Amino acid sequence: MTAPKTPSIDLNCDLGESFGNYKCGMDEEILPCITSANVACGFHASDPLVMQKTVRIAGENHVHIGAHPGFQDLVGFGRRSMSLPAEEITAIVEYQIGALSAFCTANGVRLQHVKPHGALYNMAVKDSVIAEAICEGIAAIDKHLILLGPAHSQLLLAAEKYGLPTAKEFFADRAYEEDGTLVPRSKPGAVIGNQAEAIGRVIKMIKEGTVTAITGKEIPAEADSICIHGDNPAAVAFARSIHDALQTEGIRIAPMDDIVRSAGGC
């Protein structure tokens with residue numbers, strides 16, 4: 001009789017989102033708790049010095065690095081929707097991946113994945129034109145880069161079309177609509193502040209394949225990677241708590257590319 005396979009999960013966090021004299025997030029404290037870092041590439045946040053430092057300290061902590069490209073919107077932190085032609089979306093994705101790749105090369109580390117940021121991510125989840133424009137940019141640079149996004153989204157469907165490996169993402173501290181999309185931050189209850197509740201949702205998703213939507217309905221959910229937001233004072237405690245809870249539950253914590261490879265995705 002074959003023993004049941006140990007479930008595995010990647011822990012990702014958005015990092016490198018400071019800018020000049022403005023500090024955002026607690027990167028150094030969170031890095032020991034995660035396996036993959038989504039590093040801002042200068043459009044929604046960050047600057048060359050921040051990018052350089054983030055790649056360096058991520059490498060020192062053996063955390064795998066991903067590009068986190070967004071709209072060119074420092075004031076709005078990339079969370080405001082913008083209407084751009086597909087060719088421009090492809091170009092800004094290529095530009096930002098290229099910038100971060102240079103710092104990876106300079107520090108002797110490999111770029112593992114790409115996760116669009118903010119409004120670009122949310123729009124690509126539902127809009128196939130935007131999703132394909134993003135994937136065209138990624139594929140033009142490196143078809144081995146993993147695209148991180150929600151399961152069953154237009155973003156991951158487009159990745160399949162362009163031959164990109166994919167990883168499915170689940171948000172530990174965000175509420176979900178019945179259709180599997182995130183509840184907009186403008187709505188009450190969109191962000192889950194109770195750590196125990198958030199961790200319980202993650203464990204349930206991994207073990208049972210469901211999550212409770214904001215309406216109370218149970219909906220299907222699956223993921224290869226859990227997103228932990230790192231831009232609030234409680235983020236470090238939450239990152240440590242979810243890391244410890246996963247280990248207690250016998251869930252293996254592993255980098256995204258290990259999980260994708262073991263599933264035959266690349």
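**Exercise 1.** Does Glu132 count as buried, partly exposed or exposed, going by its relative accessibility? Then look at the salt bridge Glu132 forms with Lys161.

*Solution.* Keep in mind that you're working with a predicted model.

- Step 1: Glu132 has 24% relative accessibility. Partly exposed covers the range between under 20% (buried) and over 50% (exposed), so Glu132 counts as partly exposed.
- Step 2: Now its partner. Lys161 comes out at 59% relative accessibility, so Lys161 counts as exposed.
- Step 3: Check the pairing itself. The closest N and O atoms of Lys161 and Glu132 are 3.1 Å apart, and a salt bridge needs them within 4 Å.
- Step 4: Find the two on the chain. Lys161 sits in helix H6 (residues 154–161) and Glu132 in helix H5 (residues 128–141), so this pair, 29 residues apart, links distant parts of the chain.

**Exercise 2.** Where do Arg261 and Asp258 lie, and which residues are linked with them in a network of salt bridges?

*Solution.* 

- Step 1: Both Arg261 and Asp258 lie in helix H9 (residues 256–262). They're three residues apart, about one turn of the helix.
- Step 2: Their side chains meet in a salt bridge of 2.8 Å, N to O.
- Step 3: Widen the view: the network links Arg110, Asp257, Asp258 and Arg261.
- Step 4: For the whole structure, the tally is 14 salt bridges.

**Exercise 3.** How do helices H2 and H3 pack, and at what angle?

*Solution.* 

- Step 1: Take H2 (residues 48–60) and H3 (residues 86–106): the angle is about 50°, and the axes are 9 Å apart.
- Step 2: Sort that angle. Roughly parallel means under 35 degrees and roughly perpendicular means 65 to 115, so H2 and H3 are oblique to each other.
- Step 3: Get the handedness: H2 passes H3 in a right-handed crossing.
- Step 4: List who meets whom. From H2 come Pro48, Met51, Gln52 and Val55; from H3 come Ala99, Leu100, Phe103 and Cys104.
- Step 5: Sort this contact by class, and you get seven nonpolar residues, one polar and no charged ones.

Definitions and conventions: Residues are numbered from 1 along each chain as its sequence is written. This is a predicted model: local features need pLDDT of at least 70, side-chain atom pairs count only at pLDDT 80 or more; totals for chains, interfaces and linings use all residues. Side-chain values use heavy atoms; hydrogens and water are left out. Axes are lines fitted to C-alpha atoms, for helices over the stretch in contact, and angles run from 0 to 180 degrees between N-to-C directions. Helices (H or I, at least four residues) and strands (E, at least two) are DSSP runs, numbered from the N terminus. Angles under 35 degrees count as roughly parallel, over 145 as roughly antiparallel, 65 to 115 as roughly perpendicular and the rest as oblique. A crossing is left-handed if the near helix is turned anticlockwise from the far one by less than a right angle, and right-handed if clockwise. Contact means heavy atoms within 4.5 Å. Ala, Val, Leu, Ile, Met, Phe, Trp, Tyr, Cys and Pro count as nonpolar, Asp, Glu, Lys and Arg as charged, and the others, Gly among them, as polar. Buried means under 20% relative accessible area, exposed over 50%, partly exposed in between (1.4 Å probe, protein chains only).
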